[in-house]
Amino acid sequence: MSFLSVTGVSKSYAGRPVLRGVSLEVERGSLTAVLGLSGCGKTTLLRVIAGFERAENGMLELGGSELDGPRRFVAPERRGIGYVPQEGALFPQLTVAGNVAFALPRAERRGARPQELMRMVGIDQLADRLPHQISGGEQQRVAIARALANEPAVLLADEPTGNLDRRNSEVVAEIFHGLAEGGQTIVMVTHDQTLAHKARRIVTMEDGKVVGDAATLREENLATDGARMDTDQK
Ligand SMILES: Nc1ncnc2c1ncn2[C@@H]1O[C@H](COP(=O)(O)OP(=O)(O)O)[C@@H](O)[C@H]1O
Ligand SMILES: [Mg+2]
């Protein structure tokens, strides 16, 4: 069974349909890339999963429990879902460490946890800088560290390399790949081929619908397929 399950989700803005029956199954510990032209509904899909928007039809489940559907609507802060917005959205007056710590419960802000989160994405050297004193790639890594603060069951990222040059994109792509290898479930929206090819699956959207869903030729896919065939033969 899949971990995050999106079933027939629809959403419109002012009567104009933006998501038209989107279904998506995400396995635990996997990295999924969502691709599609600008305006096809990618950000809206992430916002519905995060709970910033409510689905009009369909159902969203995480670990078998309903997040959004006919019976329930779980508030975004209670979903265990981390969100890296398209524009990193850091507090400009807070240091790197301050931005990361802010996402933590008050009691943990002064402990070892902010440092540990910054180390996970390689920005611990920048703890005392302000956002305008670091590069776009480093800012994106602060936003990732912040989204990981509460150990989310699922991490969502909206075009995390959208404004980055190639070198910074590669660093961010490596971070997502490493997080998924470590068991983090991730769904990211991207135009970036380098990033998309770190994913285990590429889901393609067009005009509010999923029109393609394919496994990439990654080693872990081949390993999983092999294991599945073994099981099937028993
Ligand atoms: N809050 C909103 N109010 C009205 N229309 C919106 C809103 N957000 C997005 N849209 C529209 O919905 C469509 C899909 O947007 P979006 O999900 O941001 O697409 P993508 O991320 O794939 O570029 C676009 O036509 C966009 O203009
Ligand atoms: Mg978008």
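The legends below describe close-up views of a predicted model.

View 1. Ten residues from domain 1 and ten residues from domain 2 take part in the contact.

View 2. The size of an interface is often given as the accessible area lost when the parts come together. Here domain 1 and domain 2 bury about 800 Å² between them, and 77% of this lies on carbon and sulfur atoms. On the domain 1 side, Leu-155, Ile-175 and Leu-179 supply 43% of the area buried against domain 2, more than any other three residues. Between the two domains there are zero salt bridges, and one residue pair is in polar contact. Helix H5 (residues 166-181) gives the largest share of the side of domain 1 that touches domain 2, namely six residues. That side of domain 1 holds eight nonpolar residues, two polar residues and no charged ones.

**View 3. The surroundings of Thr-185.** Thr-185 belongs to strand E8 (residues 185-189). Because its relative accessibility is 2%, Thr-185 counts as buried. A polar atom of the Thr-185 side chain lies 2.8 Å from the backbone nitrogen of Gly-29. Leaving aside residues up to four places away in sequence, Thr-185 touches Val-26, Glu-27, Arg-28, Gly-29 and Ser-30, and also Phe-3, Ala-153, Val-154 and Leu-155. Leu-155 is also one of the three residues named in View 2 for the area that domain 1 buries against domain 2.

**View 4. The salt bridge between Glu-53 and Lys-11.** Side chains of opposite charge can pair when their charged atoms come close. The count of salt bridges in the model is eleven. In one of them, the side chains of Glu-53 and Lys-11 meet at 3.7 Å, N to O. Glu-53 sits in the loop between helix H1 (42-50) and strand E4 (57-62), while Lys-11 is in strand E1 (residues 4-13); the pair links parts of the chain 42 residues apart. Both Glu-53 and Lys-11 are buried.

**View 5. The salt bridge between Glu-27 and Arg-200.** The closest N and O atoms of Glu-27 and Arg-200 are 3.2 Å apart in this salt bridge. Glu-27 is in the loop between strand E2 (16-26) and strand E3 (31-35), and Arg-200 is in the loop between helix H6 (193-196) and strand E9 (201-206), so that distant parts of the chain, 173 residues apart, are linked. Glu-27 is partly exposed, with a relative accessible area of 35%, whereas Arg-200 is buried, at 17%. Glu-27 is also among the residues that Thr-185 touches.

View 6. Glu-151 and Arg-113 form a salt bridge in which the closest N and O atoms are 3.8 Å apart. Glu-151 lies in the loop between helix H4 (136-148) and strand E7 (154-158) and Arg-113 lies in helix H3 (residues 113-120), so the pair ties together parts 38 residues apart in sequence. Glu-151 is exposed, with a relative accessible area of 62%, whereas Arg-113 is buried, with a value of 14%. Elsewhere, salt bridges with shared partners join Lys-11, Arg-47 and Glu-53 into one network.

Notes
Residues are numbered from 1 along each chain as its sequence is written. Chains are lettered from A and ligands numbered from 1 in the order in which they are written. This is a predicted model: local features need pLDDT of at least 70, side-chain atom pairs count only at pLDDT 80 or more; totals for chains, interfaces and linings use all residues. Side-chain values use heavy atoms; hydrogens and water are left out. Contact means heavy atoms within 4.5 Å. Buried area is the accessible area (1.4 Å probe) that two parts lose on being put together, summed over both. A salt bridge is a side-chain nitrogen of Lys or Arg within 4 Å of a carboxyl oxygen of Asp or Glu. A polar contact is a pair of N or O atoms within 3.5 Å; within protein, one must be able to donate a hydrogen and the other to accept it, and residues adjacent in sequence count only if both atoms are side-chain atoms. Helices (H or I, at least four residues) and strands (E, at least two) are DSSP runs, numbered from the N terminus. Ala, Val, Leu, Ile, Met, Phe, Trp, Tyr, Cys and Pro count as nonpolar, Asp, Glu, Lys and Arg as charged, and the others, Gly among them, as polar. Buried means under 20% relative accessible area, exposed over 50%, partly exposed in between (1.4 Å probe, protein chains only).
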